[in-house]
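Work through these exercises with the model open.

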Amino acid sequence: SIQTRVFFCLSQVRLQTQPLPKPGESALYAGTLDCFKKTLAKEGVKGLYKGMAAPIIGVTPMFAICFLGFGVGKKLQQKHPNDILTYPQLFAAGMLSGVFTTVIMTPGERIKCLLQIQASSGEVKYAGPMDCVKQLYKESGIRGIYRGTALTLMRDVPASGMYFTSYEWLKNLLTPAGKSQNELSVPSVLFAGGMAGIFNWAVAIPADVLKSRFQTAPEGKYPNGFRDVLRELIREEGVGSLYKGFNAVMLRAFPANAACFLGFELAMKFLNWIAPNL
């Protein structure tokens with residue numbers, strides 16, 4: 001459900017950006033469940049939805065652009081419309097979709113991350129998504145809104161390649177001999193889509209941690225970009241810090257992407273039914 005997706009997204013960002021505890025102190029959040037309990041106790045039910053207006057508004061066009069990019073990537077490599085692509089070619093097409101979505105993903109996640117961490121810090125700087133956009137633009141122009149673009153690309157390009165490749169691979173694996181992929185059952189599509197989400201985030205999460213840290217840091221803290229963020233994380237918290245928020249990410253990855261791919265397959269069947277010659 002959208003509620004589950006929203007909560008795990010909030011937990012992911014807060015776990016990824018929480019400060020390193022001082023000697024003798026406990027971490028602000030011990031894990032996903034602890035983050036849920038503390039957010040609910042301190043901020044109420046509304047606290048679970050902080051910063052989600054921008055990504056919720058952008059989720060439909062984002063997925064539309066994502067699948068459009070994948071389609072364009074496939075067509076660029078096909079000599080004929082019915083050519084079957086190899087897995088490396090599918091991976092390349094998937095990577096192109098990651099480039100396509102960056103224009104929406106970067107500002108959406110910048111706003112989301114800033115709004116989600118300000119509530120936990122106790123300092124309310126932004127009144128909402130539009131106020132956040134206005135202040136970022138006033139402070140740094142369009143560059144401030146698109147801060148973290150390189151890290152978004154580093155996350156989404158390889159992860160999107162894995163996303164679509166693993167989905168096609170699992171569909172092939174689940175299709176009985178002599179049958180077409182179009183005949184796959186709903187449970188098979190849900191399983192393939194959900195596992196594609198798992199594979200996607202297994203690749204994406206280290207870059208996502210770096211992106212969240214960079215997008216929420218004060219201006220000028222990391223002059224060399226992601227290299228400074230990476231050095232600081234490895235030095236202070238070790239390699240394991242690159243997988244902060246892993247449980248929250250994985251708990252939402254399967255159901256969210258299972259539903260996404262089922263919706264895509266049903267939409268394609270409907271469009272082929274009403275316009276078979278397009």
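Contact means heavy atoms within 4.5 Å. This is a predicted model, in which local features need pLDDT of at least 70, side-chain atom pairs count only at pLDDT 80 or more, and totals for chains, interfaces and linings use all residues. Residues are numbered from 1 along each chain as its sequence is written, and side-chain values use heavy atoms, with hydrogens and water left out.

**Exercise 1. Overall build**

Task: state how many helices and strands the protein has.

Solution. 
- The protein has 10 helices and 0 strands.
- Now check the contacts between residues at least 6 apart in sequence: 75% of them join residues at least 24 apart.
- Finish with burial, where buried means under 20% relative accessible area (1.4 Å probe, protein chains only), exposed over 50%, and partly exposed in between. Of the 278 residues, 46% are buried.

**Exercise 2. The nonpolar cores**

Task: find which residues touch the most other members of the largest nonpolar core.

Solution. 
- A nonpolar core is a set of buried Ala, Val, Leu, Ile, Met, Phe, Trp, Tyr and Cys residues joined through side-chain atoms within 4.5 Å.
- The largest has 20 residues, and Phe-63, Phe-67, Tyr-163, Phe-164, Tyr-167 and Phe-261 touch the most other members.
- Two or more residues come from each of α3 (53-77), α4 (87-121), α7 (149-174), α8 (186-216) and α10 (246-274).
- Helix α3 gives the most, with 5 residues.
- Take Phe-67 and skip residues up to four places away in sequence: Phe-67 touches Phe-164, Cys-260, Phe-261 and Phe-264.
- A second, separate core has 16 residues, including Leu-210, Phe-214, Ala-217 and Leu-233.

**Exercise 3. Arg-110**

Task: decide whether Arg-110 is buried or exposed, then list what Arg-110 is in contact with.

Solution. 
- Locate Arg-110 in helix α4.
- Its relative accessible area is 4%, so Arg-110 is buried.
- Leave aside neighbours within four places in sequence. Arg-110 is then in contact with Leu-136, Gly-144, Ile-145, Arg-147 and Gln-215.
- Compare sequence with space for Gln-215: Arg-110 and Gln-215 are 105 residues apart in sequence and 5.8 Å apart, C-alpha to C-alpha.
- Look at the polar atoms of the Arg-110 side chain. One lies 2.8 Å from the backbone oxygen of Gly-144. The backbone oxygen of Gln-215 lies 2.4 Å from a polar atom of this side chain.

Note on methods:
Helix = DSSP H or I, 4+ residues; strand = E, 2+ residues; numbered from the N terminus. Polar contact = N/O pair within 3.5 Å; in protein donor to acceptor, adjacent residues only side chain to side chain.
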